[in-house]
Amino acid sequence: MALAINPKQNKNSHGVVNCGDISNSICRRLIDEHKNQNNKLVTGRVQQGDKYIENKNIRDVTAWIIHEDNEWVDEIIINTTYTALQYLDYDVVGLLERPQLLRYTAPSKGYQWHIDLGQNESSNRKISISINLNDNYDGGALAFFSDKLYKLKMPRGQSVAFPAFLSHKVMPITKGERWSLVAWISGGVFR
């Protein structure tokens with residue numbers, strides 16, 4: 001005799017979801033956002049306890065935080081989210097953190113294994129989104145680990161979404177520059 005109430009069963013994915021492609025012209029326009037002085041230039045930081053610190057051995061990237069006046073960027077992220085939610089059946093409220101434009105310049109160590117779910121402001125992240133903006137670089141595959149290691153060398157314009165708790169990394173970039181747009185869709189904390 002069972003003494004527990006069976007919880008709702010999820011039949012959907014908890015993996016990486018292909019969310020489609022954006023055009024080459026939109027990719028170029030997004031890359032050009034690094035010239036927009038309203039977008040804040042920051043170094044790649046990692047969370048250590050309740051602080052964010054720079055550590056190029058873990059995250060070797062330059063980042064621009066996309067200013068809230070760039071609503072067209074938010075629309076891209078929200079459209080990507082609608083596709084992701086067809087597979088990742090999570091309760092979300094929206095884009096509470098600003099998207100980031102990332103540039104990895106060779107030789108770059110990339111971004112070591114991590115999850116996007118953390119403490120404080122990152123504790124509400126449910127879905128991570130990554131859009132590859134160019135393909136003229138070597139290395140830089142987006143790698144995931146669930147039941148085994150998966151490596152995605154994404155073509156220019158491809159967008160993917162995945163649970164914020166999924167372990168992933170950006171492999172080292174050995175030639176050129178790798179540009180991407182990343183964002184996190186938030187909701188109530190996982191419990």
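# Close-up views of a predicted model

**View 1. The largest nonpolar core.** Of the 26 residues in the largest nonpolar core, those touching the most other members are Leu30, Ile77, Ile131, Leu133 and Leu181. Strand S1 (17-21), helix H1 (24-31), helix H2 (71-85), strand S8 (125-132) and strand S14 (173-186) each contribute at least two residues to this core. H2 gives the most, with five residues. A nonpolar core is here a set of buried Ala, Val, Leu, Ile, Met, Phe, Trp, Tyr and Cys residues joined through side-chain atoms within 4.5 Å. Buried denotes under 20% relative accessible area, exposed over 50%, and partly exposed in between (1.4 Å probe, protein chains only). Helices (H or I, at least four residues) and strands (E, at least two) are DSSP runs, numbered from the N terminus. The model is predicted: local features need pLDDT of at least 70, side-chain atom pairs count only at pLDDT 80 or more, and totals for chains, interfaces and linings use all residues. Residues are numbered from 1 along each chain as its sequence is written, and side-chain values use heavy atoms, with hydrogens and water left out.

**View 2. An open sheet of four strands.** The strand order is S7-S13-S10-S11, with antiparallel pairing. S7 and strand S11 (149-152) are the edge strands, each pairing on one side only. Neighbouring strands are turned against each other by 15° on average, direction ignored; the angles, on a scale from 0 to 180 degrees, are taken between the N-to-C directions of lines fitted to C-alpha atoms. Two strands pair if DSSP finds at least two bridges between them.

**View 3. Strand S13 and its partners.** Strand S7 (residues 111-114) is joined to strand S13 (residues 167-170) by two bridges, and Tyr111 stands opposite Val170. Strand S10 (residues 142-145) pairs with S13 in the antiparallel sense over four bridges; here Ala143 stands opposite Lys169.

View 4. Phe145 lies in strand S10, which four bridges join to the antiparallel S11. The bridge partner of Phe145 in S11 is Leu149. Phe145 counts as partly exposed because its relative accessibility is 43%. Together with Trp113, Phe145 and Leu149 form a nonpolar patch on the surface, with about 290 Å² of accessible area in total. Such a patch joins nonpolar side chains (Val, Leu, Ile, Met, Phe, Trp, Tyr) within 5 Å, from residues with over 30% relative accessible area and no salt bridge. A salt bridge is a side-chain nitrogen of Lys or Arg within 4 Å of a carboxyl oxygen of Asp or Glu. Accessible areas come from the Shrake-Rupley method with a 1.4 Å probe.

**View 5. A cis peptide bond.** Ala106 and Pro107 are joined by a cis peptide bond, with omega of about -5°. Pro107 is found in the loop between strand S6 (100-105) and S7.

Notes. Patch = residues over 30% accessible without salt bridge, like charges linked within 9 Å, V, L, I, M, F, W, Y side chains within 5 Å.
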